[in-house]
Amino acid sequence: MRSFTCPACGNLLFFENHGCVVCGTAVGYSRERRDLVEVSGRQRCANSALAGCNWLVDDAGGLCDCCALTRTRPADGVSAEPFARAEAAKRRLLHQLDDLGLPVLTRIDDPEGGLAFDLLSSDQEHVITGHANGVITIDLAEGDDSHREAVRARLDEPYRTLLGHFRHEVGHWYWDVLIDRPGFHEAFRAVFGDERADYQAALETHYAGAPEPGWEESHVSTYATAHPWEDWAETFAHLLHIRDTVQTAAAYGVMVAGRDITPHPHAPVDAVPSEEAVEFDDLIDTWVPLSRAVNQLNRSMGKDDLYPFVLSPVVLGKLRFVDGLLAA
């Protein structure tokens, strides 16, 4: 995430700000400019009060581009807080997709396969977070820390966040956009395996037992071992995690100077992040020492590692494959 400043006084602002705490200027997010601008002469999204949306629209009472992607939301009377948390994560997702230059086709652009979100509450009905033909379903209970942590512990996952769900599920959609077309399947299968394997059977096998020993040598997470589609979605999400965090570090001047030692040639100790998209090798050379430093900072606060994953050579090859598609 880039840093933002008040258009009136230059004070530091954050992506979610509705106004400047120093000079009081009302601000909102302009998707066209990918920046926070003065609200003067513009309108706030209709979800401003309900979901805390600070994006701007041209017409009063209209939904912004991000909120308009939500096809289904909870019925009136349900707590608005889980919905607001999900929409906040979705805004961060869309901002990053725009920043990476990725296409975002809506159901208006493509009625059969365009992107849409069903944000549903498992307090009201049975909800399974997932993706099907462009429609991403998110269980709003994932925005509740106690629920999400209980599920994370039950599934023995090292990491589980609401934003992570959005990045993973949109990764499935980008498989349809980037891979599921003539000339791309074979290259995908050479890296991730054959996606024609029975998906439901693969998931049943995954949840029925433990992953094969040594899985971390070839997959970024245990869930990635379930099926090539899940391997792709997990890898896609991790690339977004890495690029966003490195960009944020650059925006706030976070650097890792390492120690006064001679580093191993394959284990850099210095990190000087860049706000701009850099080549993959430079990205990873920055990410490794940066993630190591923030993990230690988390431990100093008694928290688990911020990024509790190991990027093996095979996993790096998968990340490189995804990054190459995004760059193209």
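Cys23 lies in the loop between β2 and β3 (27-30). Strands here are DSSP runs of E with at least two residues, helices are runs of H or I with at least four, and both are numbered from the N terminus. The model is predicted, so local features need pLDDT of at least 70 and side-chain atom pairs count only at pLDDT 80 or more, while totals for chains, interfaces and linings use all residues. Residues are numbered from 1 along each chain as its sequence is written, and side-chain values use heavy atoms, leaving out hydrogens and water.

Stay with Cys23. Its relative accessibility is 37%, so Cys23 counts as partly exposed. That label sits between buried, under 20% relative accessible area, and exposed, over 50% (1.4 Å probe, protein chains only). Cys23 and Val220 are 197 residues apart in sequence. In space their C-alpha atoms are 45 Å apart.

How many disulfides does a search of the whole structure find? The search finds 0. A disulfide is a pair of cysteine sulfur atoms within 2.5 Å. Cys23 is in no disulfide, and the nearest cysteine sulfur, that of Cys6, is 3.6 Å away. Cys64 is in no disulfide either; the nearest cysteine sulfur belongs to Cys53, 3.7 Å away. With 2% relative accessibility, Cys64 counts as buried.

Now turn to the aromatic rings. The structure holds 19 aromatic pairs. Rings of Phe, Tyr and Trp (its six-membered ring) pair if their centres lie within 6.5 Å; planes under 30 degrees apart are stacked, over 60 edge-to-face, and the rest tilted. Take Phe192 and Trp232. Their ring centres are 5.9 Å apart and their planes stand at 70°, so this pair is edge-to-face. Phe192 lies in helix α5 (residues 185-192) and Trp232 in helix α7 (residues 228-251), so the pair ties together parts that are 40 residues apart in sequence. Both Phe192 and Trp232 are buried.

Trp232 has another partner, Phe236. This pair is tilted, at 6.1 Å centre to centre and 35° between the planes. Both residues lie in helix α7, 4 residues apart, about one turn of the helix. Are they buried or exposed? Trp232 is buried, with a relative accessible area of 0%. Phe236 also counts as buried, at 0% relative accessibility. One aromatic cluster includes Phe192, Trp232 and Phe236, with Trp173, Tyr174 and Phe321 among its other members.

Charges also meet rings. A charge sits over a ring if NZ of Lys or CZ of Arg is within 6 Å of the ring centre and within 35 degrees of the ring normal. Lys90 lies over the face of Phe117, 5.4 Å from the ring centre. Arg181 lies over the face of Phe184, at 3.8 Å from the ring centre.

Two loops hold a backbone detail. Most residues other than glycine have a negative phi. Arg34 has a positive phi, near 50°. Arg34 is found in the loop between β3 and β4 (35-38). Arg34 counts as partly exposed, at 34% relative accessibility. Asn133 also has a positive phi, near 55°. Asn133 is found in the loop between β9 (130-132) and β10 (135-139). At 57% relative accessibility, Asn133 counts as exposed.
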